Amino acid sequence: MILSPYFYLHLTIIICSIGLIIASLEIIWAKEDYSSRGILSWKILRLRSYLFKIPFLLHVSDFVFGERGFLFLIKLRILTLLILIYCIITDIDFRIPLTIIVITILSSNFRSTFGCDGSDQMVTIVFISSWVASLTGVKSLYSSAALFVGCQASLSYAVSGVTKIFGEYWRHGTAVREILDNQTYGNRKIVLLLKHNLWVTRFLTFGTIILESLFPLSLFLPNNFLLIVLSLGVCFHASIALVMGLNTFFWAFTSTYPCLFYTSQVLKDLL
Amino acid sequence: MEKLLIILFIFWFFVTLFSQFRWFISNQIRSYDFFSLVPSWTFFAPSPGTVDYRIVCKITKPDHYVQHHLINTIVLRNNLIYSIWNPNKRRQKVLVDVVQSFVRFPVKHSSYLPITVPYLLLFNFLANIFANEPKGSQLQFLIYESRGVDSLRDQEVIFVSDCHTL
C-alpha cells in the first residue's frame, strides 16, 4: 500500500519542525554565546572571509548575523515553524513559511559551522528538499523529495556503520563504553553497568555497527519487519537522547522515517 | 523545470555519497560548501570522541600576581530533562570543534594558529570572561584532555597558548 508522497513528506516536515523548534529555543536560551562576548561571536566569525572587508557587505552581515539580527532570525524561524505546522495540518499552502524557514536555516549554516552536528545537517536536507518539492507542487517532485530524504537517511546510517568498522575501539567492541566514559557525552550509571559487563558493551558496540551498516537492506523487508526495524531506530535515537543528551538527533532522524517507509514501498514496487 | 529539479536531487545525493570518503575532491567540495548542504555522516567514527576538553587560564596581573582559573565548559547531565532540553550541548560542541581544529593544524605552520578563526573564537570568549582584570594583565590558556565520567584520569595537556595582553 503506497499512500501519497504528500502524506509522507508532510509527516516528515512536522516531526522535523518540532525538533527545529526545540533547537531554536535552545539557541535563544544560550543567546550569550552569540553575542560579541560569546564563543560564537560574529565579530570573530566574519574574519574568515575577505568579502566581509567590503564596507557594504560588512554592514549588511553585521546587521543580519550580529547578536540582535541573528536572534531575530531564530525567533522568526520559531514563529514560522508554528505557522508551517498549522498550514500542513489544515491543508493551507505553506510555500511562504517554508521559504522563510529555508532562508533562516541557510543563514544559520552560513554564519557558523562550529557547534553544528548531524541533526543540523539532516534538518537542512529535509527542509531544502521539501522546499524544492513545494516550488511546483507536482506529485512526481514530491515523490522525488521523499525518496531523496529516504535515501539520505539510509546513506547516513550505512556510512556511519561502515566507517565504524575502521575504528580501533569499534573493532575491539569497547567503543560504546569509551564514548560514555567522559563527562561531555557520558553517563555514570550506564558506564558502571558496562564496566562490569563486557558482553553487554560488545553487544551494544557490535549491535550499533550491524544495525547501522545493514540499515539500507531493511528497505527491502516486508512492511511488518520494516516497521520493527524503524521502531528499533526510534528506540536507538531515544536512548542516545536519554544517555548522551543529544536530544535534537532524535527529532531530526526519526523525522525521516516516514520518507524511509515511502522509499521502501517504491523500491518494492519497482522490484 | 520538474526534470531539472529531479536531476538536482540525484546530483545532490551522489555529491553527498562521494564526500563521505577522504578524497581530495571531497575536501574541495567542503571548502566551497558555504551553506553546509553536503553532510558528513560519519558520526563517532572511525575514532569516536572519548575525552573531555578542559581549559585552564593563567592571569598574570601587572604586579606579577598570578591566578589560575578552571573554565567551566562541561555541564553535568544529572537529570532526565537533558534528553529533551539541552541548550549547553552546542557550546560544548563548539569547544570540541575548536580543539580538534588546533590538533589538526599543521605543525610547520603553528605560528599562524593564533590568527585563525577557531583560536580567535576561543580567545575572545576567554578574554571576555576576564574583561574586568586590570589593564595590562596577561592571559595564557591551556587545554587538557581527560577521561572518566566520575574521576578524571589520563589527564594530558594538549595545547598551551602564548601570553596575550588584555
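Predicted model: local features only at pLDDT ≥ 70, side-chain atom pairs only at ≥ 80, totals over all residues.
1. The largest nonpolar core holds 90 residues, and the members that touch the most others are C16(A), A145(A), A146(A) and L180(A). Helix α7 of chain A, residues 139-165, supplies the largest share of this core, with ten residues.

2. Next, take a look at L180(A). Leaving aside residues up to four places away in sequence, L180(A) touches Y185(A), G186(A), N187(A), I190(A), V191(A), L194(A) and V243(A), and also V149(B).

3. Now for the contact between the chains. Chain A gives 63 residues to it and chain B gives 53. On the side of chain B that touches chain A, the elements giving two or more residues are α1 (2-19), α3 (89-104) and α4 (117-129) of chain B. Sorted by class, that side of chain B has 31 nonpolar, twelve polar and ten charged residues.

4. Two of those chain B helices deserve a view of their own. The axes of α3(B) and α4(B) come within 9 Å and cross at roughly 135°. Because of that angle, α3(B) counts as oblique to α4(B). The crossing in which α3(B) passes α4(B) is left-handed.

5. Which residues make the contact between these two helices? From α3(B) they are V98(B), S101(B) and F102(B), and from α4(B) they are P118(B), L121(B) and L122(B). By class, this contact of α3(B) with α4(B) has five nonpolar residues, one polar residue and no charged ones.

Note on methods:
Residues numbered from 1 in each chain as written. Chains lettered and ligands numbered in written order. Core = buried A, V, L, I, M, F, W, Y, C linked by C-beta atoms within 7 Å. Buried ≥ 20, exposed ≤ 12 C-beta atoms within 10 Å, placed from the backbone. Helix = DSSP H or I, 4+ residues; strand = E, 2+ residues; numbered from the N terminus. Contact = placed C-beta atoms within 7 Å. Nonpolar A, V, L, I, M, F, W, Y, C, P; charged D, E, K, R; others polar. Axes fitted to C-alpha atoms, helices over the stretch in contact; angles between N-to-C directions. Parallel < 35°, antiparallel > 145°, perpendicular 65-115°, else oblique. Left-handed = near helix turned anticlockwise from the far one by under 90°.
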